[in-house]
Amino acid sequence: MESDSFDAFCDFCRENFNECSPWAGGVYKATRIRSIASLMTSRAQGCSLCRLILVPTNIGFLGHDHVAFELGHSDRFPDVLELRFRPSSVEGTSSGIYKWIDLIRINSVTYPTIRHLPHQSTWPRQTRTQASKWITECWDRHQLCHSQLPKAKRQTTRLPTRLIDVGTVSRPYARLVHSSNLSSETQYMTLSHCWGQTSSLVLRKDNFRKFIADISSELPIMYADAIQVTRELGIQYIWVDSLCIIQDSEEDWRHESAQMDKVYSNSRCTIAGAMSKNSDEGLFFDRAVPAATPCKISCTWNPNHPETFLCYDDSPWIDLEFGPLYSRAWVVQERLLSPCMLLFADDQVYWECSELIASDSCPSGLPLLIHRLKSTWSSVVQCQPLPLGNIVPATEAELSLSRSNAELGESAIERLMGAWAYIVSAYTYGGLTFTSDKLVAISGLARQIRKVLDAEAEDYLAGLWRYKLARQLLWSSSNQAESKQVRAPSWSWSSVDGWATPVFLEILEYATTRLEYWLDTIVILQASTYPIADPFGPVSGGHLLVQGPICRIKRPTESVKDPHWWRNAHTLFTTKEGILNLGNAQCSWSIDNLSPDKVEVDSVYLMPSAVVRFARRVLRGETSSTSGIAKTSPKKDSTRRLDSSLEENVGGLAMVKMLAVKGQYQRIGAFKLTHKGAQADLRKAIGARTLREEDYLDFDGSESYTIKIV
């Protein structure tokens with residue numbers, strides 16, 4: 001059932017909107033307490049907002065008998081309100097973190113079509129029809145989604161080496177076929193899924209003939225469901241990595257993995273098992289309760305100017321992005337390279353392409369208030385201004401780039417590198433079964449970036465790019481485990497396990513932050529990596545020849561027995577024996593290389609590589625988070641004035657010196673100084689010229705040393 005009329009609300013919810021004006025001063029207004037039992041009764045009686053609050057993921061989160069509600073302004077987005085709620089006692093003592101529902105003014109967005117989904121399977125006929133409609137409209141009307149396709153729309157498409165022929169609805173089967181026997185106009189689907197810990201049905205040398213015959217009876221649930229979806233959408237072929245790549249052939253795997261960018265970008269659509277942990281869990285779910293849908297309400301805070309708001313909870317989409325599928329690093333490449341994707345979640349089916357994010361309940365589009373990784377990528381490959389808007393402000397002349405890749409302007413390249421950092425952050429958040437795949441699993445995206453930059457293969461440096469390289473060195477990692485293998489030079493994020501993010505993440509993530517300037521304080525004289533085979537794949541090592549300021553911190557006396565004393569940031573920055581006394585609270589310190597090999601252990605070297613100044617527009621008394629990943633609660637304050645402040649930060653590399661090698665280092669981490677006093681201490685330490693002759697390759701007589709980082 002589709003609806004664009006006002007929804008039904010209980011008396012409590014109406015009072016939230018009509019008696020508790022958020023404009024009456026203060027950040028959050030009028031805490032009100034309600035029992036869970038009352039919420040559930042109102043949900044059963046048809047209150048749209050109570051239904052939205054009591055989605056399955058929230059019921060467990062609440063966990064108490066009562067809930068506290070507050071209404072106020074979003075600190076993440078302008079012109080958006082929030083109805084916040086969290087567990088509470090009957091007396092009003094709240095505990096735990098907040099969740100919230102966004103209230104979006106209808107006149108500021110296009111009001112979507114709402115479809116109420118009853119108790120039933122997540123893949124009924126109505127959803128199949130909608131999925132087919134999404135695919136057709138995307139292919140026929142979305143220019144942004146298919147900019148990379150052949151002009152004749154697949155008439156000259158290169159097919160994957162092998163595909164699974166699924167037959168038809170009336171004559172179903174599943175068998176492996178070689179694409180050399182198929183027309184170049186052949187359309188196929190792709191599958192993005194979690195393998196799980198146990199290996200199910202996979203293609204091997206010894207079962208190749210069986211796959212060519214028919215494997216219908218042996219298919220795990222995930223593959224069987226994906227094949228059913230493919231048939232029902234009128235497509236005869238599907239590509240599944242485990243069924244189309246010979247898993248016990250290193251040669252075949254290496255060849256096919258290098259073609260991933262073509263496999264996914266040339267597919268008709270990718271089917272994604274978003275909430276399934278392995279191939280024994282399928283795509284289809286039975287809804288225990290009707291799916292929660294956005295609702296529309298009229299507010300009368302000002303009788304002369306009534307306002308209409310869309311009440312929307314984006315937590316199901318965020319839960320999906322933190323679900324089993326997106327915990328895989330491989331899926332970032334699969335997601336971004338695919339023209340479009342059908343995501344099968346446990347509450348409903350979602351749609352994602354570069355021009356539309358939608359769901360079965362909101363088929364015309366979700367009012368998402370989060371960054372869209374997919375549209376960011378599409379803007380990258382088309383050399384268009386990025387939708388994030390915070391990486392580097394576009395100049396007027398670049399608002400509609402139409403020149404060739406070779407003529408990209410400086411600001412366009414900066415935006416591309418900023419987008420790459422954003423993509424790397426999303427990629428490294430996921431995990432890999434085999435850490436040796438660290439560069440392989442993002443190689444398809446790297447090949448696409450190379451085309452946009454019109455670059456040479458050697459301009460790609462183990463996950464970084466020669467363009468704006470000094471900035472890309474400023475990454476930090478959440479890794480706290482010792483790496484078991486050397487797979488990249490220490491200055492590349494691909495050398496460590498864990499989530500790698502830019503040191504100055506706020507420039508990418510915060511809607512309230514604007515970059516004023518970025519001054520590189522180092523010069524990279526030479527940069528090379530040593531690819532094993534594929535220039536976008538694994539490497540055996542690499543080096544940088546860098547010129548810039550450096551200071552040395554000696555090991556404190558109390559840490560004399562600890563060979564890796566620099567792991568403790570507090571010890572490092574408060575020691576009186578060392579050069580610096582920065583104070584832990586004034587310095588952001590990240591150690592990611594816990595066990596550098598063959599290095600001196602009595603000193604750590606700091607090389608400041610950038611001075612970054614940005615303006616941050618914040619609500620006085622509040623903290624801001626717009627990452628679209630975690631929702632944080634702002635602090636209360638009696639004022640709501642906007643302050644604009646300039647912040648100047650210093651960022652750089654932390655290194656240790658290689659044993660018995662003049663002027664050669666390994667990176668062990670990164671730092672960021674936000675306090676002017678700490679920055680002054682660093683400048684004083686650099687001016688003290690504490691480096692020994694064996695610590696550098698060259699010195700300009702002032703502050704600039706030349707060193708090698710491996």
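User: Where should I start with the contacts in this protein: what share of those with a separation of 6 or more joins residues 24 or more positions apart?

Analyst: The share is 71%: of the contacts with a separation of 6 or more, that part links residues 24 or more positions apart. Keep in mind that this is a predicted model. The protein has 710 residues, and 58% of them are buried.

User: How many helices and strands are there?

Analyst: There are 19 helices and 30 strands.

User: How do I read the packing of two helices, such as H12 and H15?

Analyst: Two packed helices are described by the angle between their axes and the distance between the axes. Take helix H12, residues 330-337, and helix H15, residues 443-453. Their axes are 8 Å apart, at an angle of about 45°. That makes H12 oblique to H15.

User: Which residues meet where H12 packs on H15?

Analyst: From H12 come Val-332, Gln-333, Leu-336 and Leu-337. From H15 come Ser-443, Gly-444, Leu-445 and Gln-448. By class, this contact has four nonpolar and four polar residues, and no charged ones.

User: Is H12 mostly covered or mostly uncovered?

Analyst: H12 is mostly covered, with eight of its eight residues buried. Among them are Trp-330, Glu-334 and Arg-335.

User: And how many residues of H15 are buried?

Analyst: Nine of the 11 residues in H15 are buried, so this helix is mostly covered too. The buried residues include Arg-447, Ile-449, Val-452 and Leu-453.

User: How do I read a nonpolar core, and which residues have the most contacts inside the largest one?

Analyst: In soluble globular proteins, nonpolar side chains tend to be buried together. Here the largest nonpolar core has 117 residues. Ile-238, Leu-342 and Trp-351 have the most contacts inside this core. Helix H14, residues 410-429, gives the largest share, eight residues.

User: Why does this core lie between domain 2 and domain 3?

Analyst: Both domains give residues to the core, so the core lies between them. Domain 2 covers 125-290 + 315-367, and domain 3 covers 413-555 + 567-589.

User: What is Ile-238 in contact with, leaving aside its neighbours within four places in sequence?

Analyst: The partners of Ile-238 include Leu-163, Ile-164, Val-166, Tyr-188 and Met-189. Further along the sequence, Cys-244 and Ile-271 are also among them. A second, separate core has 27 residues, including Phe-9, Cys-13, Cys-47 and Cys-311.

User: How do I read phi, and what is the value for Asp-454?

Analyst: Most residues other than glycine have a negative phi. Asp-454 has a positive phi, near 55°. This residue follows H15 and lies in the loop between H15 and strand S17, residues 460-461. Asp-454 counts as partly exposed, at 48% relative accessibility.

User: Where does Ala-660 lie, and is it buried or exposed?

Analyst: Ala-660 lies in the loop between strand S27, residues 642-657, and strand S28, residues 664-673. Ala-660 counts as exposed because its relative accessibility is 83%, and exposed means over 50%. Its phi is positive as well, near 60°.

User: Where is Asp-206?

Analyst: Look in the loop between strand S9, residues 188-192, and helix H6, residues 208-213. Asp-206 is exposed, with a relative accessible area of 62%. From C-alpha to C-alpha, Asp-206 and Asp-248 are 9.4 Å apart in space. In sequence, Asp-206 and Asp-248 are 42 residues apart.

Technical notes: Residues numbered from 1 in each chain as written. Predicted model: local features only at pLDDT ≥ 70, side-chain atom pairs only at ≥ 80, totals over all residues. Heavy atoms only, no water. Axes fitted to C-alpha atoms, helices over the stretch in contact; angles between N-to-C directions. Helix = DSSP H or I, 4+ residues; strand = E, 2+ residues; numbered from the N terminus. Parallel < 35°, antiparallel > 145°, perpendicular 65-115°, else oblique. Contact = heavy atoms within 4.5 Å. Nonpolar A, V, L, I, M, F, W, Y, C, P; charged D, E, K, R; others polar. Core = buried A, V, L, I, M, F, W, Y, C linked by side-chain atoms within 4.5 Å. Buried < 20%, exposed > 50% of the residue type's maximum accessible area, 1.4 Å probe, protein only. Domains from an automatic or database assignment.
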